[in-house]
Amino acid sequence: MKGICILGATGSIGVSTLDVVGRHPDLYKVVALTANGNIDGLFQQCMQHRPEYAVVVDEAKAADFCEKIAASPIADMSVLSGPRALEQVATLANVDTVMAAIVGAAGLLPTLAAAKAGKTVLLANKEALVMSGQIFMQAVSASGATLLPIDSEHNAIFQCMPANYVAGHRAKQARRILLTASGGPFRKTPLEALPDVTPEQAVAHPKWDMGRKISVDSATMMNKGLELIEACLLFDMEPDDIQVVIHPQSIIHSMVDYVDGSVLAQMGNPDMRTPIAHAMAWPERFDSGVAPLNIFEVAHMDFEQPDLQRFPCLKLAYEAIKAGGIMPTVLNAANEIAVDAFLSEKVRFTDIALIIEQSMARFAPESADTLDLVLAADRKARDVAEQVIQALSA
Ligand code: NAD
Ligand code: MG
């Protein structure tokens with residue numbers, strides 16, 4: 001029986017994780033669930049899964065949540081609040097596995113704490129890895145933590161790696177990674193229509209049902225840019241050894257090309273419960289609730305080169321990882337600010353790439369060797385991106 005802590009339980013990945021947990025009550029016990037502010041969702045999850053701890057990061061909402069809990073049959077559950085509480089529950093002695101499913105930089109400190117504490121870290125929160133890079137990977141190897149990727153592409157690549165593969169190491173016979181992408185909702189939209197697409201159109205992903213931030217990232221293909229950096233770190237590959245492949249059917253979730261010419265692919269229906277169940281059962285396998293793939297319904301698969309004119313964010317991500325140092329941190333922070341501004345209709349869709357590019361131009365690839373340097377770069381890049389947005393709207 002393993003104890004699991006789910007950081008970001010109320011989000012898309014959190015809900016899918018609890019669905020898988022619910023199928024295996026003999027193998028997993030929920031120790032802690034966390035949410036930012038969705039206290040109704042968290043309350044229902046707590047009623048169903050009876051964790052020992054619940055964290056509501058937003059302090060004002062935590063007070064309302066405590067009242068709800070006090071008047072409920074689970075009044076003995078501990079309720080914590082504030083960002084430090086995330087680190088506390090991620091490192092509890094009876095937590096074996098931490099699902100890192102907070103969106104954005106807010107997930108960095110608790111995910112890093114779980115890695116330092118030697119937990120099995122199921123990593124969905126790609127922004128945490130992208131912004132902290134080697135610091136995160138070194139924390140994993142120093143503590144002996146087990147790192148299992150949840151992002152569908154990276155989970156697919158992990159599954160296509162040699163037996164006994166450990167994340168963070170270069171598989172010598174693996175020549176290339178083919179990182180697949182759906183191309184998002186605007187793959188065929190006329191370029192001149194892109195400035196006017198709305199947040200609602202951007203979050204309506206053709207294949208995956210996800211949170212709003214990652215859905216916008218998929219529409220700009222910054223999601224693939226972040227995943228490129230994620231793949232460099234997780235599999236110790238050079239950016240030029242990773243080819244992004246647009247595969248609109250989203251049936252192949254990525255591939256590994258070996259020196260003997262073998263290309264291994266992992267396939268399945270686009271449902272995050274597959275990578276979640278893979279990581280939860282690893283090195284065994286168990287049921288995820290995902291329907292079997294009907295290969296006759298798939299019938300055919302397409303593969304295209306990404307168009308960097310349509311998707312400039314992908315180009316910026318290649319530039320950031322090649323420049324190194326703080327540049328991936330800056331890319332990620334500027335993107336978070338730009339996506340927020342787009343979702344609140346302060347800037348246009350095509351401004352997202354512009355904001356990131358202009359923000360990156362104000363930084364040099366200085367060292368990102370310590371957490372303090374990373375956090376300082378993150379803060380500064382957010383300020384710079386806000387300034388760029390103000391200049392755009394002036
Ligand atoms: P989501 O928006 O649906 O959920 C985010 C979760 O994080 C929520 O539980 C929310 O309460 C919590 N959260 C948000 N801000 C917070 C803060 N400041 N402090 C603490 N908690 C906070 O997002 P999602 O789609 O589930 O994505 C989560 C992560 O997983 C992202 O990093 C995303 O890139 C990655 N991911 C998601 C998918 C997917 O299919 N949804 C696939 C691959 C990777
Ligand atoms: Mg992905």
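In the predicted model, the largest nonpolar core comprises 139 residues, and those with the most contacts inside it are Phe65, Phe235 and Leu331. Helix H14 (residues 327-343) supplies the largest share of this core, with eleven residues. Nonpolar side chains in soluble globular proteins tend to be buried together. When neighbours within four places in sequence are left aside, phenylalanine 65 is in contact with Ile39, Leu42, Phe43, Cys46, Ala54, Val56, Met77 and Val79.

A magnesium ion (ligand 2) is coordinated by Asp151 through OD and by Glu153 and Glu227 through OE, at 2.1 to 2.2 Å. The donor residues follow the spacing D-x1-E-x73-E in sequence. Glutamate 153 and glutamate 227 are both buried.

Alanine 181 is located in strand E8 (residues 174-181). This alanine is classed as buried because its relative accessible area is 5%, and buried residues are those under 20%. Apart from neighbours within four places in sequence, the residues in contact with alanine 181 are Met221, Lys224, Val244, Val245, Ile246, His247 and Pro248. Between alanine 181 and leucine 129, which are 52 residues apart along the chain, the C-alpha atoms are separated by 19 Å.

On the surface, a nonpolar patch is formed by Met267, Ile295 and Phe296, whose accessible area together is about 350 Å². Isoleucine 295 is part of helix H12 (residues 295-298). With a relative accessible area of 41%, isoleucine 295 is partly exposed, since that class lies between the 20% limit for buried residues and the 50% limit for exposed ones.

Glycine 22 is likewise partly exposed, because its relative accessibility is 45%. The residue occurs in helix H1 (residues 12-23). Glycine 22 and histidine 49 are separated by 27 residues in sequence, while the C-alpha to C-alpha distance between glycine 22 and histidine 49 is 8.1 Å.

Notes:
Residues numbered from 1 in each chain as written. Chains lettered and ligands numbered in written order. Predicted model: local features only at pLDDT ≥ 70, side-chain atom pairs only at ≥ 80, totals over all residues. Heavy atoms only, no water. Donors = N, O, S within 2.8 Å, 3.2 Å for Na, K, Ca; no water. Buried < 20%, exposed > 50% of the residue type's maximum accessible area, 1.4 Å probe, protein only. Core = buried A, V, L, I, M, F, W, Y, C linked by side-chain atoms within 4.5 Å. Helix = DSSP H or I, 4+ residues; strand = E, 2+ residues; numbered from the N terminus. Contact = heavy atoms within 4.5 Å. Patch = residues over 30% accessible without salt bridge, like charges linked within 9 Å, V, L, I, M, F, W, Y side chains within 5 Å. Areas by Shrake-Rupley, 256 points an atom, 1.4 Å probe, with all protein chains shown as cover. Salt bridge = Lys/Arg side-chain N within 4 Å of Asp/Glu carboxyl O.
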